[in-house]
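Dear colleague,

I am handing over the structure we spoke about, with the sequence alongside. My notes on it follow below.

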Amino acid sequence: MKRRPRVLAKRFLNPTLEELLAKRVELVPWDENQEPVDAIYCYGHASVDAELMDRSPNLKVISNHGVGVDHIDLVAAKQRGIPVGNTPRVLDGAVADMAMALLLAAARRLVEGDRFARRLEPTVFDANDRHGRDVHGATLGIVGMGSIGTQIAKRATGFDMRILYHNRNRRMTAESDYSAQYVSLDELLRESDFVVLMVPLTAETAGMIGARELALLKSTATLVNISRGGIVDTQALTETMIAKRIFAAALDVTEPEPLPREHPLLKLENVTITPHVGSATVQTRRRMAELSVENLLNGLTGKPLACEVQ
Ligand code: DGY
C-alpha cells in the first residue's frame with residue numbers, strides 16, 4: 001500500500017485541520033530527533049528555519065496557515081527550491097473588522113469601561129468620567145495599504161473618516177474609491193488621530209515605529225497595531241504609554257508575544273491588548289484552513305500552489 005505523505009506539524013492543530021488532513025496525510029508531531037518528512041505545515045506561527053528544512057532532504061512544500069510568513073526563513077526555502085504557501089485575501093475582511101474593533105474600543109475606552117461597570121464599588125456612574133475620543137470625522141492614518149489596509153479604509157469611510165496612508169507604492173484604487181491621501185510616514189504620524197499599522201514584518205519594517213516616530217504622534221492620538229509586534233519598539237511604546245504621551249494604544253500583537261506577565265504594558269488602562277486574534281473568526285479560520293491544506297496537497301503532488309509566497 002502506498003504510504004501517506006508525512007507532514008510535520010510543529011504545533012497542535014485544530015479539529016477543522018485534523019478533519020481536512022486526517023485521511024490524506026500522516027501528521028508527524030514535532031520532535032527534536034525528527035525523521036525526514038515530505039512537508040511542513042505551519043500553524044500558530046511555529047518557526048521554520050534552514051536547519052529544520054535540512055532534516056528532510058526531500059521536503060516538497062511548506063504550507064503556512066496565515067498570511068504573515070516572518071517566522072519562516074524564506075531565503076533558505078528559496079535556495080532549496082521549496083515552495084512556501086500562505087493564505088492571503090481570505091482573511092482581509094476579518095482582520096479589517098478587528099482593526100476597527102480595536103480602534104473603536106480604544107477610542108471609547110470600552111475595555112476600561114467594562115472593567116469599571118463590573119466593579120462592586122462605586123455604584124454611581126459619573127457623567128464626567130471616561131470620556132473617549134470621536135472616531136467619526138477623525139483622521140485615520142493607515143500604514144500599509146495592501147488588501148487588508150484597503151478593507152480598513154473602506155470601513156473607515158462609513159465613519160466619515162479622512163484617510164491618509166503610507167505604503168511602498170501608491171495605491172490608486174484606495175485613492176479613487178476611498179479618497180485616501182498618500183503622505184510620508186512622518187506626515188501621517190503627525191496628522192492622524194488614529195494610526196493603524198498593517199505592514200508585514202520584514203527586515204525593512206522591523207522597529208519602524210520607534211521613539212522618534214512615537215514622538216511625532218499627537219498627544220490625542222491612538223495607535224492600533226494589528227500586524228506584528230516587531231513593527232513597534234516595545235520599550236519606546238511602553239515609555240510613551242506610561243507617560244500618557246498619547247491617548248491610547250490597542251495591540252492585537254506584541255513583541256514578545258505573549259508579553260511576560262509582569263510587563264508594564266499589561267497594567268496600563270490606556271492600553272488594550274488582544275491575543276493575536278485578527279483573523280480568528282469561525283468562518284475565516286475555516287477558509288484559511290482550506291486554502292492552506294490546498295497549498296499543502298498541491299505542493300505534495302508537484303502542482304502549483306493556490307497561493308505561493310513570492
Ligand atoms: C496571519 O495570517 O499572519 C495572522 O497573524 C494569523 O496567523
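Which residue in strand 9 is the bridge partner of valine 143? The bridge partner of valine 143 in strand 9 is leucine 197.

Before going further, please keep in mind that this is a predicted model, in which local features need pLDDT of at least 70 and side-chain atom pairs count only at pLDDT 80 or more, while totals for chains, interfaces and linings use all residues. Residues are numbered from 1 along each chain as its sequence is written, and side-chain values use heavy atoms, with hydrogens and water left out.

Helices and strands here are DSSP runs numbered from the N terminus (H or I with at least four residues for helices, E with at least two for strands), and two strands are said to pair if DSSP finds at least two bridges between them. On that basis, 7 strands make an open sheet with parallel pairing in the order 8-7-6-9-10-11-12, and its edge strands, each pairing on one side only, are strand 8 (181-182) and strand 12 (271-273). Strand 9 pairs in the parallel sense with strand 6 over 4 bridges, and it also pairs in the parallel sense with strand 10 (residues 222-225) over 4 bridges, where valine 195 has leucine 223 as its bridge partner. Further along, strand 11 and strand 12 run parallel and are joined by 3 bridges, with isoleucine 273 in strand 12 as the bridge partner of leucine 251.

Strand 9 is covered on both faces, since Phe194 and Val196 on one side and Val195 and Leu197 on the other are all buried, where buried means under 20% relative accessible area, exposed means over 50%, and partly exposed lies in between (1.4 Å probe, protein chains only). In a regular strand the side chains alternate between the two faces of the sheet. Helix 6 lies across strand 6, strand 7 and strand 9, and runs at about 170° to strand 6; axes are lines fitted to C-alpha atoms, for helices over the stretch in contact, and angles run from 0 to 180 degrees between N-to-C directions.

The nonpolar cores

A nonpolar core is a set of buried Ala, Val, Leu, Ile, Met, Phe, Trp, Tyr and Cys residues joined through side-chain atoms within 4.5 Å. The largest one has 34 residues, of which Leu140 and Ile152 touch the most other members, and helix 4 (92-107) is among the elements that each supply at least two residues to it. Helix 4 also gives this core its largest share, 9 residues. Apart from it lies another core, of 28 residues, with Val183, Val195, Val199 and Val271 among them. Leucine 140, with residues up to four places away in sequence not counted, touches a set of residues including Leu103, Ile152, Ile163, Phe194 and Val196, contact meaning heavy atoms within 4.5 Å.

A separate listing gives 5 strands in an open sheet of parallel pairing, in the order 2-1-3-4-5, with strand 2 (26-29) and strand 5 (84-85) as the edge strands. Strand 1 (residues 6-9) and strand 3 (residues 39-42) pair in the parallel sense over 3 bridges, and the bridge partner of leucine 8 in strand 3 is isoleucine 40. Helix 11 (residues 282-300) lies across strand 1, strand 3, strand 4 and strand 5, running at about 175° to strand 4.

Histidine 71 is found in the loop between strand 4 (61-64) and helix 3 (74-79), and it counts as buried because its relative accessibility is 10%. Its side chain is joined to that of asparagine 64 by a polar contact of 2.9 Å, a polar contact being a pair of N or O atoms within 3.5 Å, of which, within protein, one must be able to donate a hydrogen and the other to accept it, and residues adjacent in sequence count only if both atoms are side-chain atoms.

Salt bridges

The whole structure holds 19 salt bridges, each a side-chain nitrogen of Lys or Arg within 4 Å of a carboxyl oxygen of Asp or Glu. One of them joins aspartate 38 and lysine 60 (3.9 Å, N to O), and the two residues are 22 residues apart. Aspartate 38 counts as buried because its relative accessibility is 7%, whereas lysine 60, at 36%, counts as partly exposed.

With best regards
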